[in-house]
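Below is a short report on one protein chain. It covers strand pairing, overall dimensions and one surface patch.

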Amino acid sequence: QVQLVESGGGLVQAGGSLRLSCAASVLTFSMGWFRQAPGKEREFVVGISWSGSSTYYADSVKGRFTISRDNAKKTVYLQMNSLKPEDTAIYYCAATHTLYARPSDYDYWGQGTQVTVSS
């Protein structure tokens, strides 16, 4: 069983930045972030492989968001820059033991952290 705890959400103005963190109870091969906006389905945002050498971004966040991981700390980070009101959502950390995970492979989830971007 993998437990994930997110932190770092909050309220920020458009164009601002936030950094999310996700602490895991055990390491997994792949970790990622998803988000769910009000009235919408949860969507994949970004994933990262064990070594960090492979990352996968949704088109909507490419060039603005950066994922990284520190295996020694069992933590994954999401640096979010140039935030837009449409980035407002609950952000969920996710993990899977699948080596190069597709979005459907993630099977461990955190409780979520709210990110609100005001215009």
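Strands (E) are DSSP runs of at least two residues, and helices (H or I) are DSSP runs of at least four, numbered from the N terminus. Two strands pair if DSSP finds at least two bridges between them. The model is predicted: local features need pLDDT of at least 70, side-chain atom pairs count only at pLDDT 80 or more, and totals for chains, interfaces and linings use all residues. Residues are numbered from 1 along each chain as its sequence is written, and side-chain values use heavy atoms, without hydrogens and water.

**Strand pairing**

The chain has eleven strands and zero helices. E4 is largely enclosed by the rest of the structure, because six of its seven residues are buried (buried means under 20% relative accessible area, exposed over 50%, partly exposed in between, with a 1.4 Å probe and protein chains only).

| Partner of E4 | Residues | Bridges | Direction | 
|---|---|---|---|
| E5 | 43-48 | five | antiparallel |
| E9 | 89-96 | seven | antiparallel |

On the E5 side, Met31 has Ile48 as its bridge partner. Towards E9, Arg35 stands opposite Tyr91. E4 and E5 form a hairpin with six residues between the strands, where Gly39 takes a positive phi near 75°.

In a regular strand, side chains alternate between the two faces of the sheet.

**Whole chain**

The C-alpha trace spans about 40 × 25 × 25 Å along its principal axes. Of the 119 residues, 46% are buried. Among contacts (heavy atoms within 4.5 Å) between residues at least 6 apart in sequence, 58% join residues at least 24 apart.

**Surface**

The chain exposes about 6,000 Å², and carbon and sulfur atoms supply 49% of this area. Accessible areas come from the Shrake-Rupley method with a 1.4 Å probe; for residues, only the protein chains shown count as cover.

Phe29, Trp50, Tyr56, Leu99 and Tyr100 make a nonpolar surface patch of about 500 Å². Patch residues have over 30% relative accessible area and no salt bridge; like charges are joined within 9 Å, and nonpolar side chains (Val, Leu, Ile, Met, Phe, Trp, Tyr) within 5 Å. A salt bridge is a side-chain nitrogen of Lys or Arg within 4 Å of a carboxyl oxygen of Asp or Glu.
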